[in-house]
Amino acid sequence: MATFNVPLSGTSTFILLGIPGLEADHIWISIPFFIFYIISLLGNVTVLFVVGKEQTLHKPMYLLLCMLALTDIGMSTSVMPKALCIFWFNLKRITVRGCLTQMFFLHAASAMHSAVLVTMAFDRYVAICNPLRYANIVTNAQIAKLGLVGLIRAVLFILPLALLLSRLPFCANHIISHTYCKHIAVANISCGDIAVNRMYGLIIGFVVIGLDLTLIALSYCLIIRAVLRISSKKAHQKALNSCTAHICVMLTSYPPSLFSILTHWFGQGIAPQVHIILANLYFVIPPHAQPYHLWS
């Protein structure tokens, strides 16, 4: 069996199978995905339009909301259009360059999404623990700087994934049993040594999510400590209510992400169809739900 390195500039392609074993049901499976995707786009575009047009909303909290909307759009749009083409038109081929580009943007958007949630936790911490200094500490410029840091972090962490994949040799098997080019799914079809890819992917997954969850947990520990020092029950309720939307967003973001990572690495007993469907839901359910949590 001949081995060859696939050049990024070449015409070689991969084949995305979609959901193996459920090809006959692709049309029906596509319906909820399409509905969630459209609702997600409409909700997040509406957020961007309203905040951009209304001058009174040009505040740090709403800037964070726009950043979250952009990452939501990036996450869902990196995956859903190609997945729907597979479901509807059986267009399963994707170029190597297109595959690596999709992988980079979907993972970078996910990392950026997590960074925005950390920044939102910082915003809530300052608002509750240092309310008198909130306007001086949390400014639009400060939020923009934190957003830029999150973007740079996402690029620096995710770019090596694409570079590591581009160096792998691929043999006769170009079939990816998924609806999108997930890093480890692409690495698994290589006929070369993917130990470095597997280790780096696992480290990045746990470093990004683990570090961000630790910072968020620390913020909420300090918030709870500050709230418990407040004597007024009404003030208690007001402070906790200001965190409800952020907590709801985290509950729709981190559990599906962690479940997807853990099942891919350690869930050998889980049917691949279940894993693929859940992995796709991760890219449409949080972006679909978050605009409504945050406006509520």
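**Reading a predicted model, term by term**

Author: N90 sits in the loop between α2 and β3 (93-95). This is a predicted model, in which local features need pLDDT of at least 70, side-chain atom pairs count only at pLDDT 80 or more, and totals for chains, interfaces and linings use all residues. Residues are numbered from 1 along each chain as its sequence is written, and side-chain values use heavy atoms, with hydrogens and water left out.

Reader: What is the phi of N90?

Author: Its phi is positive, about 60°, although N90 is not a glycine.

Reader: Why is H183 called buried?

Author: Buried means under 20% relative accessible area, exposed means over 50%, and partly exposed is in between (1.4 Å probe, protein chains only). H183 has 6%, so it is buried. H183 is part of helix α6. Across the protein, buried residues make up 46% of the 296 residues.

Reader: Which residues does H183 contact, beyond its neighbours within four places in sequence?

Author: Contact means heavy atoms within 4.5 Å. Setting those neighbours aside, H183 touches M103, H107, L161, L165, N197 and G201.

Reader: What makes a set of residues a nonpolar core?

Author: The members are buried Ala, Val, Leu, Ile, Met, Phe, Trp, Tyr and Cys residues, joined through side-chain atoms within 4.5 Å. The largest such core here has 52 residues. F14, L117, I176, C181, V186 and I216 touch the most other members. Its largest share, 15 residues, comes from α3. Another core, of 18 residues, lies apart from it and includes Y37, V79, Y282 and V284. In soluble globular proteins, nonpolar side chains tend to be buried together.

Reader: How do you know that the radius of gyration agrees with a compact globule?

Author: The radius is taken over C-alpha atoms, and the globule rule is 2.2 Å times the number of residues to the power 0.38. For 296 residues a compact globule would be near 19 Å; the protein has 21 Å, so the two agree. The C-alpha atoms fill a box of roughly 75 × 40 × 40 Å along the principal axes.

Reader: What makes a side chain positive or negative?

Author: Lys and Arg count as positive, Asp and Glu as negative; His and the chain ends are not counted. On that count, the protein has 18 positive and 7 negative side chains.

Methods
The place of a charge is taken as NZ of Lys, CZ of Arg, CG of Asp or CD of Glu. Helices (H or I, at least four residues) and strands (E, at least two) are DSSP runs, numbered from the N terminus.
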